[in-house]
2 protein chains.
Amino acid sequence: MNQTSLRERLLLSTLPEEERESGRRLLSALALIEDKLRLVEADLERGMRSTVPTISLIGDYLVDGGGKRIRPALLLLAARLFGYSGERDVRYGAMLEMIHTATLVHDDIIDGADTRRGRATANRRWGNELTVLFGDFLYMKAMEIALDEGDLAVLKCLSDVTLAMTEGEILGAERRGSVDLSLAEYLEVVRRKTALLFAAACRIPAYFVPGAEPWGDRLWEFGLSLGTAFQLQDDLLDYTASEEELGKPVLSDLREGKLTLPLILSLPAATRAERRLVEKVMTDGGFDSVPAASILDLVDRRGGMTRARALLEEWAGRARDAAEGLPAHPARDGLLLAASYAASRRK
Amino acid sequence: MNQTSLRERLLLSTLPEEERESGRRLLSALALIEDKLRLVEADLERGMRSTVPTISLIGDYLVDGGGKRIRPALLLLAARLFGYSGERDVRYGAMLEMIHTATLVHDDIIDGADTRRGRATANRRWGNELTVLFGDFLYMKAMEIALDEGDLAVLKCLSDVTLAMTEGEILGAERRGSVDLSLAEYLEVVRRKTALLFAAACRIPAYFVPGAEPWGDRLWEFGLSLGTAFQLQDDLLDYTASEEELGKPVLSDLREGKLTLPLILSLPAATRAERRLVEKVMTDGGFDSVPAASILDLVDRRGGMTRARALLEEWAGRARDAAEGLPAHPARDGLLLAASYAASRRK
């Protein structure tokens, strides 16, 4: 992959016009880790191969499908911030992307999803059987990479985070189809499902870069806020972005029975009739009897989107505050801009 | 659970009359680890709980469902053989049973299985969604327990074994529905799917019991042979045991497109018409057009069962040879008897 396409994939195409300038500044921060991101990509390709042919086939397909590689990028930036020049950051970066990919692969099976990033999902192409096992393989492989590095503190962090992530997925699944999901419950699922792995990505370098340990808590705090903002924007995009931008249908969360932020903030002010519309979509699993536009209107009318954006900005602000407390360095600028990016990206 | 029911569940009820005597001797060997097996059970119950209600529900259901706990028992016996009196064997024993349970839970989803050990499977009761995630949770939780013990050599062993197990499952899935599965391919799947975790169970104490390390290779060899014999007998039981004994329908492997030992050893001598019968069952996914009795007759006629039993005895013999090379001790007698049990059990 050449640099332009990597850069473009990473950022510019995903920003609205008014954000392009900060996008360009983020690019120059990313230039700091560009070579390493390429090494992560090579590690990922290697890691997803096996002597078992089907594993390599699915692995290649998923690596080719791309992704923002935001977790490895955060880990690399945090390591760079403290002057790291070894290779552990690359290994750990690839490992985090493998954990992330494993969760996506199992999520797509659970959701019965047909498309991701505009392409057929692995479960669609290879069936649930091989795909469940491929996800298991990725978790194991990630653990093997972390073990080879031999740092028990990092292993403990990863083990705690992946365990909490899985519990979070189960929490979310338990509450699926319920219109009574509270804001607190929603935020707890967001924390577990997304924010913790972002936090681990930012914090891990503090375990192995000499002198970085005192910054561990701040890096964790930054990653947790950034990951929350990132997931909130993800949920908002399901209401605002086009199918073309997302590579999946609009309001697909609701269709799958998942209540997310804009509706959670709209429902307390909604009438009983409006509430029933939402319930109907979740029961139907689609927009056959209630059009998507009625739900979007409802959210608009009840101020759900405005309030959701405010909450998103609050978390992005917390991430920026945490980053500002880190040592001044071009890599820190990258982390700061990542917070803006998380809240403004279009896909 | 009282001692009798534990003993009975573990052994006597699963042996034919002529094996009861060696069964009773195995029981006295098991008496050595009886208290510890109870601690494993308590650890398992604790380990499968979580603040997330559904996890505890599924966990309790699975622990109640029982199982032979053969992997923990092997680990405890091997630790006892070298005079171990600490508590790491209990932790690791529970952890192995969790890994084993995770593979069963994912297997049942993959096979679409409705019953296991005579009860509804977790996927049948809670659906694939929660059950995939519960399996993931168990893998993570097992890794957490192993991490808490802090022994990198054990972690590396577990990581290698679970990775190879998952690859083995994928290998098996790739070849599913094929009548051309060779004996070598079949044995490779058996090694990965079952034998390696038995080998790990027997070998792990050599990592942490002082003075046991020189016996590590022999313990591994014993476990690998024992696990192979165990899986071969499992596959034979699908041809010979009654539905009542197994808690699942007879010939269910073939129904699911899995060719196992008795048929693999029958097919080279089979006529084209007989071969087509086998293909038909695999294509149909059942015995609607070809009755199960025709397949059993075919295997009988072509000597598949006799040859399968001979191979099973060969592996059980290897396990006994390896055990005989271990230091003399009542716990070693337990391992020796486990080899006879593996080859003669009825469920």
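Predicted model: local features only at pLDDT ≥ 70, side-chain atom pairs only at ≥ 80, totals over all residues.
I first superposed the two copies: a rotation of 180° with 0.0 Å of shift along its axis places chain B on chain A, at an RMSD of 0.0 Å.

Residues are numbered from 1 along each chain as its sequence is written, with chains lettered from A and ligands numbered from 1 in the order in which they are written.

I then looked up the contact (C-beta atoms, placed from the backbone, within 7 Å). Chain B gives 33 residues and chain A gives 33 residues. On the side of chain B, α8(B) supplies the largest share, 13 residues. By class, that side has 18 nonpolar, seven polar and eight charged residues; Ala, Val, Leu, Ile, Met, Phe, Trp, Tyr, Cys and Pro count as nonpolar, Asp, Glu, Lys and Arg as charged, and the others, Gly among them, as polar. I record that 100% of the interface residues of chain B are also interface residues in chain A, so the copies meet through the same surface.

Next I checked A:A229. Not counting residues up to four places away in sequence, A:A229 touches A:L312, A:W315, A:A316, A:A319, A:A339, A:A342 and A:A343.

Notes: Contact = placed C-beta atoms within 7 Å. Helix = DSSP H or I, 4+ residues; strand = E, 2+ residues; numbered from the N terminus. Least-squares fit on C-alpha atoms with pLDDT ≥ 70 in both.
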